[in-house]
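Take a look at the sequence and the model below.

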Amino acid sequence: MANGQRRITDFMNLDLLTIDAARSAVQERKTSAAALAESFYAKIESDDPKIGAFLTLSKERALGKASEMDALAAKGEKLPPLGGVPVGIKDVMVTKGIRTTAGSKILGNYVPPYDCTAVARLEAAGAVVLGKLNCDEFAMGSSNENSAWKPVHNPRDLARVPGGSSGGSAAAVAADMAVAALGSDTGGSIRQPASFCGVVGMMPTYGRVSRYGLIAFASSLDHIGPLTKTVKDAAIVLRTIAGRDPMDSTSADVPVPDYVAELEKPVRGLRIGVAKEYLGEGLDKEVRNAIEAAIQNLAKQGCEIVQVSLPHTKYAIPTYYIVATAEASSNLARFDGVRYGYRAPDARTLSEMYRRSRDQAFGAEVKRRIMLGTYALSAGYYDAYYLKAQKVRTLLTRDFEEAFKKVDAIVAPTSPTAAFKLGEKTDDPLAMYLADIYTVTADLAGIPGISVPCGETKEKLPIGLQILGRHFDESTLFRVAHASEQAA
Amino acid sequence: MKVTEKDVAYVADLGNLELTAEERTRMVRDLNSILDHIDSLSELDTANVQPMAQVSDRYGVDQSKQGSERFAYASREDVHEGLRKSLPHDVALKNAPDSDGTFFKVPKVIER
């Protein structure tokens, strides 16, 4: 072992390894960052064949960063906040020189010439990028079964889905194959898999984290955020990646608080909203019981529980599937077989080449969404569908604005059920869409949301508590999530 | 049934997709099922509601200003020398399925 140091597994269980624990171990030279990365690669080699979380490993890049951190530690210099910490990146974020597929055959051989800002910021803070994580094709899905490469199995029960679309990110963290991961959330894709796999998932406010280098699905809804074992780790990662980036004009120039300091503040006196629309029909009984217990816990800690109403909630899924697919149909027009990606070999003309390349390399769900979005934008239907959905989006956002006059945060289930079985919903796209019923509204309104584990079903499947907050008020979400985490 | 086989063929054409006969049949079924659900939006009276195209309309906007000035927070100085360097030619072409080293190559554009 390098420097005569021990393996991390000689003195610590990987499941206890948080960001601070990993960084301290490297700082204090109990292990080296290189040895730590190797321990994670060994874990991936032994466990990932049955889980399927990783698509590409970036060993050379990881060990390069690790040795940089080891050199700092050897000189006795203070490591940056993620110094030596092994992380994974959802395969929708581009990484210079490392294959990035977005879970799609159309980008099967794509090697990006630049880095996503969020990834660059993590690495600048010392993080060691182990590799790229499996996801639904172009982040379109709620079960990870739309990956063109392989499904991901839920580490808690291999017969079940990990959720989606950031299924690989949630599974990698849950199975201790990465200390933390980045995911993306367009309709629930960070929070729902976090809930299914029993980890923390944070979707920040729209504009809080730069989207530069995130392969676009629906540009007005796409967010990058962390999946971690603890609320504190999510706060550390968000603090690192958040803030204005000149490369994304929608990234907001709003100061980034020290979330780690914020989360320690007591929750006493906070007004917590409970919306009946999130606890109604279709909610699994065990999930309801766990959410109600979590609400009781917050009350015990001195929160005031206030009933609120979000009356347009039932229109969220229809609104989402118009807005998101319309934007996707436009964003995915760039995949044409000309500049990068797959090209059908047998085409005789340009237009035949476009069609065949897309036909042969896009999966069924991606085609379905391109079709739905194109239909909603087509002449004669624009007003009835796209414009209508944009107006209802205003109503959904106003619901939250009204509620946040009365409360500081809203708590709800992340998902109506715990993880479902692989194959259970693949034949019924609408049933799959309805799995996102409690998460899409936050994306549409641009408000932040976090999912934190709050119990288990009788079958030992994790349940997630979702906490929603005001624009740019991630601090309150971290506080409430931290208080719930300590109680759970 | 709102969406017919003919609609599917037309929309596929707009979206630069071909779709096999089997895919088209499935698409008719799936789109109708999803659009049935989406039709609930017509219950809502939105005559006096402004459409929301993007979230940042809700914050960071200087409401006292007009037009693009309202979004000043999202813009930067138009610096004359501020243009970023483009990707070097060879890097930009590296992922191309077909190129002659200078240009991207594609099949015949004009169909006869």
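This is a predicted model. Start with A:Gly213. A:Gly213 counts as buried because 23 C-beta neighbours lie inside 10 Å, and the cut-off for buried is 20 or more. Where does A:Gly213 sit in the chain? Its place is in the loop between strand 5 (200-203) and strand 6 (223-228) of chain A.

Now look at what surrounds this glycine. Neighbours within four places in sequence are left aside here. A:Gly213 is then in contact with A:Met93, A:Val94, A:Tyr114, A:Asp115, A:Cys116, A:Thr117 and A:Val119. A:Pro112 is 101 residues away from A:Gly213 along the chain, yet their C-alpha atoms are separated by 9.4 Å.

Turn next to helix 2 (residues 19-27) of chain A. Its buried residues are A:Ile19, A:Ala22, A:Arg23, A:Ala25 and A:Val26. They lie on the same side of helix 2 of chain A, because they cover an arc of only 160° around the axis. What do the buried residues of helix 2 of chain A pack against? The partners, also in chain A, are helix 1 (8-11), helix 3 (33-51), helix 4 (59-74), strand 4 (180-185) and helix 8 (231-241). After helix 2 of chain A comes A:Arg29, with a positive phi near 60°.

Last, the contact between the chains. Chain A gives 54 residues to it and chain B gives 47 residues. On the side of chain B that touches chain A, helix 1 (5-14) and helix 2 (21-38) of chain B each supply at least two residues. Helix 2 of chain B brings the largest share, seven residues. By class, this side of chain B has 27 nonpolar, twelve polar and eight charged residues.

Methods
Residues are numbered from 1 along each chain as its sequence is written. Chains are lettered from A and ligands numbered from 1 in the order in which they are written. This is a predicted model: local features need pLDDT of at least 70, side-chain atom pairs count only at pLDDT 80 or more; totals for chains, interfaces and linings use all residues. Two residues are in contact if their C-beta atoms, placed from the backbone, lie within 7 Å. Helices (H or I, at least four residues) and strands (E, at least two) are DSSP runs, numbered from the N terminus. Ala, Val, Leu, Ile, Met, Phe, Trp, Tyr, Cys and Pro count as nonpolar, Asp, Glu, Lys and Arg as charged, and the others, Gly among them, as polar. A residue is buried if 20 or more other C-beta atoms lie within 10 Å of its own, exposed if 12 or fewer, and partly exposed in between; C-beta atoms are placed from the backbone. The arc is that of the directions from the helix axis to the C-beta atoms.
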